[in-house]
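Reader: I would like to go through this model by question and answer. Please give the cut-offs along with the terms.

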Amino acid sequence: MKKVICVLAAGVMALSSLPVLGASAEETYALGDVDMDGIVTGHDTAMVSRYVLDDTYTLTEEQLQLADVNGDGEVNQADADMLYNEMQMCVLGSVTMGQALSMEDALIVLTHYTKQCAGLEDEWSQIQENLADVDLNGVVNTEDLCYILTFYGYQSAGYPVFSNEGQYYFGYVSSTEETYALGDVDMDGIVTGHDTAMVSRYVLDDTYTLTEKQLKLADVNEDSEVNQADADLLYNEMQEYALGCTTMKLERSFLSIEDAGDISTYCQKQRDNLEYNWTQVQKNLADVNLDGVVDLVDACGVLKLVGRQSAAMPMFENEGQYYIANMNVVYLDDMTDIWLNGGEHDTAYIDAEGRFFYNG
């Protein structure tokens, strides 16, 4: 009995040592008591965990203040970890207020649910109601019971109670963010030569940047670095269409004159304010110099690549560089003289009529 009293006293002292935040003139809550039921439990941990992992789950301003248990001005995984490892007085699902799940918890939740269905009262506290709502949907029902039984089984078998590391509530992690395949750096739904070009330029050009999310998608060999090895892997094994292949008729690393004509047609339609039925994938593939604009310079770039392929040369001039950079472009009023007499080597010519020519 003395041991029990000592444990309870320690719990009370631990709670009394927690900082409190004002809720109103009458009520204050301890830091970490996110559900504001008077005690820090696994339900508070679960609320913070879901807020961090699930974009659809929200907390009020007051709850966010209570959730920032490490006081760094942000509510993130560190707060959820601290609540779970150091602060919660009992685990989520334990309506008996224990440090582990038990069959008794499952039986009590079942009894409570049965009484609810029968319209009978059950002397449950708000704390127990919160602890029983293990999937955080605001309702205690058979789904909560099933979760408690399932994870009691995991616990008994020596497995982690929660399926995902750092997730402290029962249920699936939901997100409004779209997910993309590894290598789909431009996030258009398919891995192409444009993704390869982006990674290649990031590696070789210090002025070219990728977002944090794009860097994760670019690390295709998953060594935690984005470097030449990723660009090579994309080019040699992963890309489905070559940079510039807007017709999407040839696979992996091949282009045709038809692709250059397709880009020219798109540019003409743009000048005439007419629609051209291109997908975002095709627009990305067309931007061979990665300047964010599809124009006749890109069409000339495709001609250059086709010419190199036809001459049995590597598609790109510099080994390991999978995009076109520093192309010489001359703008003319009329292309006739260039067509008759030729032009300078490795130069693209574009005239006012929208005609283009590349002298390789």
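This is a predicted model: local features need pLDDT of at least 70, side-chain atom pairs count only at pLDDT 80 or more; totals for chains, interfaces and linings use all residues.

Author: Residues are numbered from 1 along each chain as its sequence is written, and side-chain values use heavy atoms, with hydrogens and water left out.

Reader: How many helices and strands does the secondary structure of the chain come to?
Author: Helices (H or I, at least four residues) and strands (E, at least two) are DSSP runs, numbered from the N terminus. On that basis the chain comes to 14 helices and five strands.

Reader: What percentage of the residues in the chain is buried?
Author: Buried means under 20% relative accessible area, exposed over 50%, and partly exposed in between (1.4 Å probe, protein chains only). The chain has 360 residues, and the buried part of them is 44%.

Reader: Among contacts between residues at least 6 apart in sequence, what share joins residues at least 24 apart?
Author: A contact means heavy atoms within 4.5 Å. Among the contacts in the chain between residues at least 6 apart, the share that joins residues at least 24 apart is 55%.

Reader: How are helices α11 and α13 oriented, parallel or antiparallel?
Author: Axes are lines fitted to C-alpha atoms, for helices over the stretch in contact, and angles run from 0 to 180 degrees between N-to-C directions. The axes of α11 (residues 257-271) and α13 (residues 296-310) come within 8 Å and cross at roughly 175°. Angles under 35 degrees count as roughly parallel, over 145 as roughly antiparallel, 65 to 115 as roughly perpendicular and the rest as oblique. The pair α11 and α13 is therefore roughly antiparallel.

Reader: At what angle do helix α5 and α7 pack?
Author: Residues of α5 that meet α7 include M103, A106 and Y113, and those on the α7 side include T142, L145 and Y152. The axes of α5 (residues 103-117) and α7 are 9 Å apart, and the packing angle is about 170°.

Reader: Which residue forms a salt bridge with E317?
Author: A salt bridge is a side-chain nitrogen of Lys or Arg within 4 Å of a carboxyl oxygen of Asp or Glu. The structure holds five salt bridges. In the one made by E317, the closest N and O atoms are 2.6 Å apart and the partner is K304.

Reader: Why does the pair of E317 and K304 tie together parts that are 13 residues apart in sequence?
Author: E317 is partly exposed at 49% relative accessible area, whereas K304 is buried at 6%. The pair ties these parts together because E317 lies in the loop between α13 and β3 (328-332), while K304 is in helix α13.

Reader: How far apart are the closest N and O atoms in the salt bridge of R201 with D205?
Author: R201 is buried, with 18% relative accessible area, and D205 is buried as well, with 17%. The closest N and O atoms of R201 and D205 are separated by 3.0 Å.

Reader: D44 is buried yet has no salt bridge; what is the nearest side chain of opposite charge?
Author: D44 sits in helix α2 (residues 42-53), and its side chain reaches the backbone nitrogen of T41 at 2.8 Å. For charge, Lys and Arg count as positive and Asp and Glu as negative, with His and the chain ends not counted. At 14 Å from D44, the nearest side chain of opposite charge is R50.

Reader: With which side chain does the side chain of D54 make a polar contact?
Author: D54 is in the loop between α2 and α3 (61-67) and is buried, with a relative accessible area of 1%. A polar contact is a pair of N or O atoms within 3.5 Å; within protein, one must be able to donate a hydrogen and the other to accept it, and residues adjacent in sequence count only if both atoms are side-chain atoms. For D54 the contact is at 2.6 Å, and the partner is the side chain of T56.

Reader: What is the phi of A312?
Author: Most residues other than glycine have a negative phi. A312 is in the loop between α13 and β3 and is exposed, with 72% relative accessible area. Its phi is positive, near 60°.
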